[in-house]
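Biologist: Please put the model up, and I will ask about it piece by piece.

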Amino acid sequence: GFNFMDNESIEQGEEPALVPYHSVVLGTVLVAAAQPFVQCTPPLLSAQWFASSERATSTAVALNFNQVGIATAFLVGGNMATSVRGLARYFGLMAILSTVLLAGTCLQYQEEPEIAPSTSEWNKRASNQKEPPFRRSVMKFFSTKGFTRPLIAFICSISITNIVGAFIDEFLGRVGITNKMNVALIGAGFEFAIVLGGILVGGYVDHTKQYKRVTLACLVLSGLCLLPLGYMTNSNNAEDEEENVPFGLRYLAEATTTTTTTTSGWLVVFAMLGLGFFAGPIQPINAELAVDVIYPGDETAVESVQQIGGNLVSALLVPVAQWAARKQISVGGGTSTGTSDDDDGSGGGVICGDLILLLGITVLTFVYFRGFDAQLKRSLADSRDDEMREQQDGSGVELSDIQFETEKLLVV
């Protein structure tokens, strides 16, 4: 971060240049190499530290708080990284904050609590099971009934959120929202909606264990929220579309009153927030579902498979979505030759190809996930915990106290 600019250019009073391209690529690779240590551990964290009634919420917080970093990049990075000097300051700030967080983590790190928070975790500890190599774990996962369906749901969710996040300017530009600050605010709102949805929906799943029903509902609602993002009405005044929307979300309604009226600006904003709220929770919920199905397998290996699959597929879909965005299908009397540049603006409306792509992924995932019918092995192991909680009302005895006494008996 500190040597991000070319010192020779600075001495000559010129606009500083970026460091060599290979250095930028190396830095990007190092960041990517560090990411699995954060993204692949939430299910393990939840299993080792949280009770069965808290795990989906815990995983949602740990997994989706990655989105808070993305939201910060929208707000802070968008304002700082407007020049080479600003970009250097931005990377320098991130380097300092990352170093401080690393030091704090090292000083406070504890591998696991002294007392297992659930029966399933206690059973794993008591068995002293050694996790097999990653390759063998993956082969076992795919041979386990029910593993692939939560994997596909996870891939669907991360693909949708990644593509919408990557092309947020394109989606908002369709309704005349082009002001950089407004785009940054809405992008941050989208990421925060993912976090909020994960916490609230995850909390519901923790108490009901309705993984399948909630996932199907989230897929349906995500599909509905996608619709306003890819449908546009034609207009003869397309040149007026470039007008910037005034600062602040409360002014976004003006996007609906410009002479070029595409889809309602408000509708698109709320649809994007709704999409984050309903698509985001699918990831932590199905991370927990997959762990539940393969219990007592390796939680980190499960999330690694899901992250690899999700990020690989979404990376491959980005150029496809970019190509599809230029394809349009006319509806309601409009005319289109198949590309956005050929639209004659004669009325009616068009459906963008990227909407068809994302809806297709959502529908196929819904159909495939409906077939989920596997035993929730970890939930069965933890069913005794739920019985204890129901019986402890008014007794003043905590579940951890019961587990501690059980632990002592087993050790004896």
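Modeller: This is a predicted model. A place to begin is Gln307, which counts as buried because its relative accessibility is 6%.

Biologist: Which helix holds Gln307, and which residues does Gln307 touch beyond four places in sequence?
Modeller: Gln307 is found in helix H15, residues 299-324. Leaving out residues up to four places away, Gln307 touches Gln39, Cys40, Leu63, Phe154, Ile158 and Leu312.

Biologist: Is Asp354 buried or exposed?
Modeller: Asp354 is found in helix H16, residues 353-369. Apart from neighbours within four places in sequence, Asp354 is in contact with Phe171, Arg174, Ala321, Ala324 and Ala325. Its relative accessible area is 3%, and the cut-off for buried is under 20%, so Asp354 is buried.

Biologist: What is the distance between the closest N and O atoms of Arg174 and Asp354?
Modeller: Arg174 forms a salt bridge with Asp354. Arg174 lies in the loop between helix H10 (168-173) and helix H11 (180-208) and Asp354 in helix H16, so the pair ties together parts that are 180 residues apart in sequence. Arg174 counts as buried because its relative accessibility is 7%. The closest N and O atoms of the pair are 2.6 Å apart.

Biologist: How many salt bridges does the structure hold?
Modeller: Arg174 with Asp354 is one of the pairs that form a salt bridge. Glu121 with Arg125 is another such pair. The structure holds 7.

Biologist: Which helix holds both Glu121 and Arg125?
Modeller: The closest N and O atoms of this salt bridge are 3.8 Å apart. Glu121 counts as buried at 6% relative accessibility, whereas Arg125 is partly exposed with a relative accessible area of 22%. The two residues are 4 residues apart, about one turn of the helix, and both lie in H7, residues 119-127.

Biologist: Why can residues four places apart in an α-helix point the same way?
Modeller: What matters here is the repeat of the helix. Residues three or four places apart point the same way because an α-helix has 3.6 residues a turn.

Biologist: How many residues apart are Arg378 and Glu288?
Modeller: Arg378 forms a salt bridge with Glu288, and their closest N and O atoms are 2.5 Å apart. This pair links distant parts of the chain, with Arg378 in helix H17 (residues 377-381) and Glu288 in helix H14 (residues 282-294), and the separation is 90 residues.

Biologist: What is the phi of Lys209?
Modeller: Lys209 sits in the loop between H11 and helix H12 (211-230). Lys209 is partly exposed, with a relative accessible area of 23%. Most residues other than glycine have a negative phi. Lys209 is not a glycine, yet its phi is positive, at about 60°.

Biologist: How many of the 19 residues of H9 are buried?
Modeller: Helix H9 covers residues 148-166 and reaches 26 Å from its first C-alpha to its last, close to the 27 Å expected at 1.5 Å a residue. H9 is largely enclosed by the rest of the structure, because the number of its residues that are buried is 14.

Biologist: How many disulfides does a search of the whole structure find?
Modeller: A disulfide is a covalent bond between the sulfur atoms of two cysteines. Cys106 is exposed, with a relative accessible area of 56%, whereas Cys225 is buried at 13%. The number of disulfides found in the whole structure is 0.

Biologist: Which helix gives the most to the lining of the largest cavity?
Modeller: The search finds 1 cavity of 30 Å³ or more, and the volume of the largest cavity is about 60 Å³. Its lining includes Glu121, Lys124, Tyr295, Pro296, Glu299 and Arg378. The helix that gives the most, with 3 residues, is H7.

Key:
Residues numbered from 1 in each chain as written. Predicted model: local features only at pLDDT ≥ 70, side-chain atom pairs only at ≥ 80, totals over all residues. Heavy atoms only, no water. Buried < 20%, exposed > 50% of the residue type's maximum accessible area, 1.4 Å probe, protein only. Contact = heavy atoms within 4.5 Å. Salt bridge = Lys/Arg side-chain N within 4 Å of Asp/Glu carboxyl O. Expected span 1.5 Å × (residues − 1). Disulfide = S-S within 2.5 Å. 1 Å grid on protein atoms, 1.4 Å probe; cavity = no way out; pocket = protein on both sides within 12 Å on 5 of 7 lines; lining within 4 Å. Points joined across faces, edges and corners; volume = space filled by probe spheres on them.
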